[in-house]
Amino acid sequence: MPLRFKGIDPSTGGGGSPTVWVDEQSREIVIQGWDVEGERLSEIRDTEWVPGHSVGIPAGESVVRLPARMAAILREACDDAERAGS
């Protein structure tokens, strides 16, 4: 099943921009966002966020940033993903 477009950063200037889709078959939210770099990425990579859980970003995973102005789009995508397949 194809992705269902949910929304794009409302402040986009017409180029690449944070975007959200829902894959209704897998019930996943797919996100395109800005790269996380520098000190912020180091903090994420080097912190044990959950006791006993591996530190770092595993192969096949990424960290991206989205603007808070996309919160409503994310909420709608979460709701749609939860309802998919029900």
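This is a predicted model: local features need pLDDT of at least 70, side-chain atom pairs count only at pLDDT 80 or more; totals for chains, interfaces and linings use all residues.
Residues are numbered from 1 along each chain as its sequence is written, and side-chain values use heavy atoms, with hydrogens and water left out.

**Entry 1: the sheet**

I looked up how D23 pairs, and its bridge partner in β3 is E28. Strand β2 (residues 19-23) and β3 run antiparallel and are joined by five bridges; helices (H or I, at least four residues) and strands (E, at least two) are DSSP runs, numbered from the N terminus, and two strands pair if DSSP finds at least two bridges between them. I then followed the whole sheet, which is open, has three strands in the order β1-β2-β3, and pairs them in antiparallel fashion. Its edge strands are β1 (4-8) and β3, each of which pairs on one side only. On average, neighbouring strands of this sheet are turned by 20° against each other, direction ignored. For background, I wrote down that strands of a sheet pair through backbone hydrogen bonds, either parallel or antiparallel.

In the hairpin of β2 and β3, four residues stand between the strands, and R27 takes a positive phi near 60°.

**Entry 2: the helix and the surface patch**

I checked what helix α2 (residues 71-83) lies across, and the answer is β1, β2 and β3, with the helix running at about 165° to β1; axes are lines fitted to C-alpha atoms, for helices over the stretch in contact (heavy atoms within 4.5 Å), and angles run from 0 to 180 degrees between N-to-C directions.

Returning to I29, which is found in strand β3 (residues 28-32), I saw that I29 counts as partly exposed because its relative accessibility is 32%; buried means under 20% relative accessible area, exposed over 50%, and partly exposed in between (1.4 Å probe, protein chains only). Together with I31 and V64, I29 forms a nonpolar patch on the surface, with about 200 Å² of accessible area in total. Such patches are made of residues with over 30% relative accessible area and no salt bridge, with nonpolar side chains (Val, Leu, Ile, Met, Phe, Trp, Tyr) joined within 5 Å and like charges within 9 Å; the areas come from the Shrake-Rupley method with a 1.4 Å probe.

**Entry 3: salt bridges**

I searched the whole structure for salt bridges (a side-chain nitrogen of Lys or Arg within 4 Å of a carboxyl oxygen of Asp or Glu) and noted seven. In one of them R4 pairs with E24, the closest N and O atoms being 2.5 Å apart. This pair links distant parts of the chain, since R4 is in strand β1 and E24 in the loop between β2 and β3, 20 residues apart.

R4 also meets D80 in a salt bridge, at 3.2 Å from N to O. R4 lies in strand β1 and D80 in helix α2, so this pair ties together parts that are 76 residues apart in sequence. K6 forms a salt bridge with D80 as well, with the closest N and O atoms 2.5 Å apart. Are K6 and D80 buried or exposed? Both K6 and D80 are buried.
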